[in-house]
Amino acid sequence: RNGGLFVKVGQGFAAQNHLLAAEYCDEMKKLEDCVEHRPFAEVKRVLEEDLQRPLSDVFERFDEIPIAAASLAQVHKAVLKAIPPPPISGSNRAEGTGRESAVVAVKVQYIDVQDRFHGDMFTMQSMLKIIGHCFPGFNFGPLMHRAEDILIAELDFRKEAENQRRAGKEFHLHFGNRVAVPPLIERISTPRVLVTEFVN
């Protein structure tokens, strides 16, 4: 119910089966695929704040029900509005030259995640410190301190976009077209919004 960072950290603990007892990992694994999505009104607000224009100016269609919901964001399927082609003919990709019905995946960060981050981190670190004090064999505080920088980086989707570009180049270099990395739509991606071509 706390959502956001609490879910993210729980997922991290689920992966610590080399450190934690199976009972803890099994319980935390429930957080990997049972995340409830947020209301569309929140998603729309984040998009319109970040894109600085109404949703209808950017998308021909935007599915209000997400195709996936995770700890920090959810993903919606949408169709970009066609962009008039430039005077000189060029590429016809979704990036910007008149391709019609460009289907995209739009990852939108939850509206309150950044505002709650430091408070939620403090709460979890305090809880773990108390548990570590009461039960010395269960001091997981150091895990949280190591994770903090990684979690802060995850809140900036520009870093994810950079990693996606890099991974795409590496995969293409080694595997050719056998691995699909959806191209980014850079002109409408922001620190809280990541847009890529949609791949079934």
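1. Burial. Of the 200 residues in the chain, 36% count as buried, a term that stands for under 20% relative accessible area, with exposed meaning over 50% and partly exposed the range in between (1.4 Å probe, protein chains only). The model is predicted: local features need pLDDT of at least 70 and side-chain atom pairs count only at pLDDT 80 or more, while totals for chains, interfaces and linings use all residues. Residues are numbered from 1 along each chain as its sequence is written, and side-chain values use heavy atoms, with hydrogens and water left out.

2. Surface and extent. About 12500 Å² of the chain is accessible surface, and 55% of this belongs to carbon and sulfur atoms; such areas come from the Shrake-Rupley method with a 1.4 Å probe. The C-alpha trace spans about 70 × 40 × 25 Å along its principal axes.

3. Secondary structure. The chain contains 7 helices and 5 strands, which are DSSP runs numbered from the N terminus (helices H or I, at least four residues; strands E, at least two). Their order from the N terminus is α-α-α-α-β-β-β-β-α-α-α-β.

4. Contacts along the sequence. Taking contacts between residues at least 6 apart in sequence, 63% join residues at least 24 apart. A contact here means heavy atoms within 4.5 Å.

5. Helices H1 and H5. Two packed helices are described by the angle between their axes and the distance between the axes. For helix H1 (residues 4-14) and helix H5 (residues 113-134), the axes come within 10 Å and cross at roughly 45 degrees. The axes are lines fitted to C-alpha atoms over the stretch in contact, and angles run from 0 to 180 degrees between N-to-C directions. H1 and H5 are therefore oblique to each other, since angles under 35 degrees count as roughly parallel, over 145 as roughly antiparallel, 65 to 115 as roughly perpendicular and the rest as oblique. On the H1 side, Leu5, Phe6, Val9 and Phe13 meet residues of H5, including Phe117, Met121 and Leu128.

6. Aspartate 120. Which residues does aspartate 120 contact, leaving aside its neighbours within four places in sequence? They are Leu5 and Phe6. Aspartate 120 is found in helix H5 and, at 11% relative accessibility, counts as buried.

7. Glutamine 52. This residue is placed in the loop between helix H3 (40-51) and helix H4 (55-58). Phi of glutamine 52 is near 55 degrees, a positive value in a residue other than glycine. Glutamine 52 is exposed, with a relative accessible area of 70%.
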